[in-house]
Amino acid sequence: MKNFNLSLAILHIFPSARPMIDFLVVDNGLGPEIAEWNLSAPRPSVEELMKAEEAASLTEAKKQTSFRIDSYAKENRTRIAGTPDDAEIAGWNNKLRIAQAILTDTATDIDKAAFQAEIAARDIEGETLEIFVQKVIRNAEFYAQAVGLIDGLKRKTQDAVSAAKTPEDVEKVLIDMKAQAEAAFEKLMQ
């Protein structure tokens, strides 16, 4: 006879039901059936059930909001970067290193050749190595400032969500963060 603890399965689906479940289901080969039921187990009060439901609701609100915060941050990084390509963005640090090396006259011939190849491929009239280096540095400074802003607001919002006591507080944090972020991005994009 194989034993199943149905209470664990029910708790997985309905975590707030924990205090009400106290039975064991067995499978006698013909299908599961209740083998024991403890009617003397203490039953939760209405207040306890309501608190459990509120806690589950708050946990779910925090989980959903965390996902929304991450998505919003990623969406704005993409908007600021002008590309969703993480590999391209990761390569910007190398471009910045090369640009700085060119400015300090410590760049290798390979570094200079990499930039010359990109300049040729871009085929922008009048774009020289010096102009391209300045663009790379300006873009890197702007992107670093923007990412710093995004990361700072994201961390602030995650901390506020963690401290929230109700699902309504969680939603208010999200609304406030979005307003702050939009104002900050508008100022940044000027």
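**View 1. The side chains of D111 and R97 are joined by a polar contact of 3.3 Å.** This is a predicted model. D111 belongs to helix α4. Leaving aside residues up to four places away in sequence, D111 touches R97 and I98. The relative accessible area of D111 is 10%. Buried means under 20%, so D111 counts as buried.

**View 2. The axes of α3 and α4 cross at roughly 110°.** Helix α3 spans residues 86-103, and helix α4 spans residues 109-122. Their axes come within 10 Å. Angles of 65 to 115 degrees count as roughly perpendicular, so α3 and α4 are roughly perpendicular to each other. The crossing is left-handed.

**View 3. The protein that holds this helix pair has six helices and three strands.** Along the sequence, the pattern reads β-α-β-β-α-α-α-α-α. The protein has 190 residues, of which 27% are buried. D111 is one of the buried residues. Among contacts between residues at least 6 apart in sequence, 54% join residues at least 24 apart.

Key
Residues numbered from 1 in each chain as written. Predicted model: local features only at pLDDT ≥ 70, side-chain atom pairs only at ≥ 80, totals over all residues. Heavy atoms only, no water. Axes fitted to C-alpha atoms, helices over the stretch in contact; angles between N-to-C directions. Helix = DSSP H or I, 4+ residues; strand = E, 2+ residues; numbered from the N terminus. Parallel < 35°, antiparallel > 145°, perpendicular 65-115°, else oblique. Left-handed = near helix turned anticlockwise from the far one by under 90°. Buried < 20%, exposed > 50% of the residue type's maximum accessible area, 1.4 Å probe, protein only. Polar contact = N/O pair within 3.5 Å; in protein donor to acceptor, adjacent residues only side chain to side chain. Contact = heavy atoms within 4.5 Å.
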